[in-house]
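Please read these points with the model open beside you.

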Amino acid sequence: MEFAYGIDDRPRPASLLIFGLQWLAVSVPLVLIIGRVVAGLDTDGSTVPYLQRLFLLVALVLLAQVYLGHRLPLVLGPATVLLVGILASLDTGFPAINASLVIGGLLLAGLAATGLIGHLQRLFTSRVVAVVLMLIAFTLAPTILDLITDGGGTAPATQTFLFAVAFALILFAANGYLTGIWKSTLALWAILLGTPIYIALFGAVSLPPADTALVALPQNLLAPLAVPDAGVLAAFLICYLALATNDLGSIQSVSGLLKADGMGERAKRGVAVTGLGNVLAGVTGVIGPVNFSLSPGIIAATGCASRFALVPAAVAIALMAASPLAISLLSSIPGPVIGVVLAYVMAAQIAAGLMLGQESGAVGTFDGGLIVGIPLLLGTLVAFLPPEVATGLPAMIRPLLTNGFVVGIVTVLVLEHIVYRRRQADRT
């Protein structure tokens with residue numbers, strides 16, 4: 001493909017601002033959607049300070065990637081795979097979760113710095129990666145269901161559910177008709193249009209108080225840490241294996257599209273910066289970041305492959321982080337609207353997993369279908385486990401057995417590399 005600007009080209013100021021706004025339109029919904037969900041789980045603090053810290057973290061790590069890490073035009077945001085781990089570990093408290101993020105980030109950075117990350121990547125065959133992509137979406141289904149039925153005390157759950165179904169159908173139809181940058185920024189337009197429609201149907205949402213500061217940083221930038229138990233730490237380490245694969249895949253997809261030089265070194269530096277970003281996330285008490293694989297579509301739509309186009313977007317995200325008023329307005333978006341947009345993003349992830357499975361021939365046989373299908377079914381069942389079943393499990397293994405993502409990943413790895421390995425080798 002031919003691009004108006006290459007990786008290291010610096011667009012003129014006017015063009016740089018326009019391209020930066022396009023990247024911003026893609027980045028903000030990604031940060032807001034996952035951030036809102038996790039902020040609602042953290043009962044020790046309000047939503048606004050949490051989102052401020054998260055926006056600031058994303059801006060800093062994004063700048064670090066542009067100048068020190070992979071140095072590619074790659075959008076960055078909160079890792080949905082870590083959201084799954086957080087949801088399954090809430091009983092242990094956020095101090096233990098934060099410490100797990102720090103340990104996982106340090107391990108990720110160490111594996112990247114020593115080059116060992118390449119050996120772990122061999123475990124994640126195309127079939128396993130397809131399961132990872134789809135499993136994240138399926139295990140987030142209970143969270144999405146809670147969001148789309150949350151009327152905030154002003155609307156019945158049945159009505160908000162019907163609104164969500166209708167809104168989702170419109171969103172998916174728009175995805176089929178739109179092209180280019182309009183399609184890439186559809187999540188942003190869904191939030192901008194869905195919020196006033198929801199307000200018109202169900203009444204006003206809670207707006208920030210009149211005395212909300214225009215500019216102010218959160219008072220506590222550091223979060224408490226506590227030693228996690230073995231089960232929680234093991235669950236998060238498995239999540240970080242999947243995060244590393246996602247990060248590497250995103251970096252390699254953009255490197256391949258742009259024919260970037262030094263792909264191996266770029267991948268190593270990029271994963272190392274992602275790991276250090278997750279360490280900083282644990283220290284500040286927010287969810288860790290990852291590079292997103294949707295970047296090639298944005299590059300193709302805009303025709304700009306310059307990494308410097310992300311700098312205005314990162315600066316704008318940092319400015320948002322410094323404004324409690326701006327964050328308060330973003331956090332007042334209704335839960336059903338956030339839930340529908342999250343469902344749209346997860347549907348795209350399922351589509352990516354199915355496409356990968358088809359292109360690689362991962363499910364071309366009955367055994368291949370079982371290797372993919374069994375982990376998806378088990379992971380989804382575990383995600384919907386009743387609370388009384390979860391509390392009846394031993395405390396040591398509860399974080400592992402109640403985490404649908406972990407159960408699914410362990411299952412697919414066993415099936416792929418142990419149970420069906422000999423049969424696949426005989427066929428080849």
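1. A residue is called buried under 20% relative accessible area, exposed over 50% and partly exposed in between, using a 1.4 Å probe and protein chains only. K259, at 69% relative accessibility, is therefore exposed. K259 sits in the loop that runs between α11 (230-258) and α12 (263-284). Helices (H or I, at least four residues) and strands (E, at least two) are DSSP runs, numbered from the N terminus. K259 is not a glycine, yet its phi is positive, about 55°.

2. This is a predicted model, in which local features need pLDDT of at least 70 and side-chain atom pairs count only at pLDDT 80 or more, while totals for chains, interfaces and linings use all residues. Residues are numbered from 1 along each chain as its sequence is written, and side-chain values use heavy atoms, with hydrogens and water left out.

3. R71 also deserves a look. Its phi is near 55°, a positive value in a residue other than glycine. R71 belongs to the loop between α2 (47-67) and β1 (76-78). With a relative accessible area of 32%, R71 is partly exposed.

4. Which residues touch the most other members of the largest nonpolar core? They are V81, L82, I287 and F405, in a core of 123 residues. A nonpolar core is a set of buried Ala, Val, Leu, Ile, Met, Phe, Trp, Tyr and Cys residues joined through side-chain atoms within 4.5 Å. Setting aside neighbours within four places in sequence, L82 is in contact (heavy atoms within 4.5 Å) with L101, F236, C239, Y240, L243, N278, I287 and G288.

5. A109, in helix α4 (residues 94-114), is buried at 11% relative accessibility. A109 and V273 are 164 residues apart in sequence, but their C-alpha atoms are 7.0 Å apart in space. Beyond neighbours within four places in sequence, A109 has contacts with A272, G275 and L276.

6. The largest pocket has a volume of about 1,400 Å³. Of its 46 lining residues, S293, L294, A348, Q349 and A352 are the closest to the centre. On a 1 Å grid over the protein atoms alone, a pocket is an open set of points with protein on both sides within 12 Å along at least five of seven lines, and lining residues have an atom within 4 Å of a point. Grid points are joined across faces, edges and corners, and the volume is the space filled by probe spheres set on the points. Helix α16 (residues 335-359) gives the most to this lining, with eleven residues.

7. The second largest pocket has a volume of about 970 Å³. It is lined by 33 residues, and L87, A88, L90, T143 and A383 lie nearest its centre. Helix α7 (141-148) is one of the elements that each supply at least two lining residues. In α7, P142, T143, I144, L147 and I148 are buried, and their cover includes α1, α3, α6 (126-139), α8, α16 and α17.

8. The whole structure holds eight aromatic pairs. F163 and F202 form an edge-to-face pair, 5.9 Å centre to centre with 90° between the planes. Rings of Phe, Tyr and Trp (its six-membered ring) pair if their centres lie within 6.5 Å; planes under 30 degrees apart count as stacked, over 60 as edge-to-face and the rest as tilted. F163 is buried at 9% relative accessible area, and F202 is buried at 15%. F163, F167, Y198 and F202 form one aromatic cluster.

Methods. 1 Å grid on protein atoms, 1.4 Å probe; cavity = no way out; pocket = protein on both sides within 12 Å on 5 of 7 lines; lining within 4 Å.
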